[in-house]
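Please look at the sequence and the structure before reading on.

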Amino acid sequence: MTKTTWTLLDGGMGRELKRIGAPFRQPEWSALALLEAPEYVAQVHRAFIAAGARVITTNSYAVVPFHIGEERFARSGQALAGLAGKLARGAADEADASVLVAGSLPPALGSYRPDLFDPVRSHAIHRELICGLAPHVDFWLAETQSSLAEARAVRAALDGERKPLWLSFTLLDPDTEQAQPLLRSGESVEQAVLVALELEASALLFNCSQPEVMGAALYSARQVLDKHACELPLGVYANAFPPVREDAQANDTLLDIRSDLGPEAYLQWTQQWIEEGATIVGGCCGIGPEHIARLNEHLQAREEGRV
């Protein structure tokens with residue numbers, strides 16, 4: 001029997017910055033620490049690595065005009081992305097060679113808002129991020145993608161980049177009347193899998209959605225891969241948000257964090273995802289180093305055959 005090896009991601013940068021007292025407010029969100037106190041960003045990276053994360057994600061998610069403004073982005077967007085990459089690379093290199101840096105490429109025009117997508121504007125924003133991040137990252141993570149069009153736009157912006165691309169989609173919050181898990185655009189997980197294959201993604205993930213919807217998404221993804229006799233690593237990093245209304249941005253207000261998703265509860269969800277075929281796990285908004293440490297403990301026990 002082939003031994004399964006899991007990849008452990010980090011957790012949510014923004015809420016951890018807020019928790020440890022870093023500069024943090026709207027609209028800049030997690031980008032404010034890059035602007036005013038980048039040492040806090042490095043501190044969070046180190047905390048997730050110490051907890052066991054083998055992949056840390058650059059703090060470039062909020063380096064977009066929606067958060068830092070059009071003028072500041074035009075003036076400093078590429079440099080801020082470069083700083084985000086440098087901070088992550090430094091923390092990874094301080095640890096050991098097994099820690100990889102994922103270059104975060106967010107939805108350029110608004111999280112959870114596929115209706116705001118514009119391919120030309122998205123391309124221009126992502127090109128600035130890519131140019132800043134490229135010297136520092138091991139692979140690209142197009143995360144919180146709400147639609148197939150957003151994912152295709154990221155791949156187009158990466159033209160000429162040879163580093164692997166991981167695609168991560170965000171899903172509609174679970175609905176008892178909903179027959180299957182859907183992207184926030186209303187497109188199906190089956191379509192997302194086929195697009196991931198078309199774009200030659202190296203992994204397909206689901207993130208920044210509630211834990212309750214992730215298992216069904218993994219099941220649907222596996223069904224599609226089996227049907228087409230294809231292999232693609234699958235992963236999950238859920239958030240700790242309550243349900244988000246459909247016309248909201250993920251970070252346009254400071255959403256509450258659920259009280260029922262402590263490290264042990266989050267581990268229980270992660271165990272379900274592993275049973276559904278996930279080999280890449282971690283956390284998104286509201287999932288901190290304590291959650292990642294508990295996941296690391298469990299994954300090590302699984303690899304050693306103790307669970």
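## Overall build

The secondary structure of the protein consists of eleven helices and eight strands; helices (H or I, at least four residues) and strands (E, at least two) are DSSP runs, numbered from the N terminus. The radius of gyration is 18 Å, close to the 19 Å that the globule rule gives for 307 residues, so the protein is as compact as a globular protein of that length. That radius is taken over C-alpha atoms, and the globule rule is 2.2 Å times the number of residues to the power 0.38.

The model is predicted: local features need pLDDT of at least 70 and side-chain atom pairs count only at pLDDT 80 or more, while totals for chains, interfaces and linings use all residues. Residues are numbered from 1 along each chain as its sequence is written, and side-chain values use heavy atoms, with hydrogens and water left out.

Taken along the principal axes, the box filled by the C-alpha atoms is roughly 50 × 40 × 35 Å. Of the 307 residues, 56% are buried. Buried means under 20% relative accessible area, exposed means over 50%, and partly exposed is in between (1.4 Å probe, protein chains only). The protein exposes about 12600 Å², and carbon and sulfur atoms supply 49% of this area. Accessible areas come from the Shrake-Rupley method with a 1.4 Å probe; for residues, only the protein chains shown count as cover.

Contacts say something about how the chain folds back on itself. Among contacts between residues at least 6 apart in sequence, 77% join residues at least 24 apart, where contact means heavy atoms within 4.5 Å.

## Salt bridges

Side chains of opposite charge can pair when their charged atoms come close. The whole structure holds 17 salt bridges, each being a side-chain nitrogen of Lys or Arg within 4 Å of a carboxyl oxygen of Asp or Glu. The table gives some of them.

| Pair | N to O distance |
|---|---|
| Arg54 and Asp96 | 3.4 Å |
| Arg89 and Asp138 | 3.0 Å |
| Arg113 and Asp115 | 2.6 Å |

Where in the chain do Arg54 and Asp96 lie? Arg54 is in the loop between α3 (38-51) and β2 (55-57), and Asp96 is in the loop between α5 (70-95) and β3 (100-105). The two are 42 residues apart, and their pair links distant parts of the chain. Arg54 is partly exposed, at 27% relative accessible area, and Asp96 is partly exposed at 35%.

In the salt bridge between Arg89 and Asp138, Arg89 belongs to helix α5 and Asp138 to the loop between α6 (119-133) and β4 (139-145), so the pair ties together parts that are 49 residues apart in sequence. Arg89 is buried, with a relative accessible area of 18%, whereas Asp138 is partly exposed at 28%.

## Rings and a charge

Rings of Phe, Tyr and Trp (its six-membered ring) pair if their centres lie within 6.5 Å; planes under 30 degrees apart count as stacked, over 60 as edge-to-face and the rest as tilted. By this rule there are three aromatic pairs. In one, the ring centres of Phe24 and Trp29 are 4.9 Å apart and the planes are at 55 degrees, so the pair is tilted. Phe24 is buried at 17% relative accessible area, and Trp29 is buried at 4%.

A charge can also sit over a ring, which requires NZ of Lys or CZ of Arg within 6 Å of the ring centre and within 35 degrees of the ring normal. Here the charged end of Arg184 sits over the ring of Tyr112, 3.6 Å from its centre.

## Backbone details

Most residues other than glycine have a negative phi, and most peptide bonds are trans. Tyr112 has a positive phi of about 70 degrees although it is not a glycine. Tyr112 lies in the loop between β3 and α6 and is buried, at 3% relative accessibility. Thr144 also has a positive phi, near 55 degrees. Thr144 is part of strand β4 and is buried, with a relative accessible area of 1%.

The peptide bond from Gln26 to Pro27 is cis, with omega near 5 degrees. Pro27 is in the loop between α1 (13-19) and α2 (31-36).
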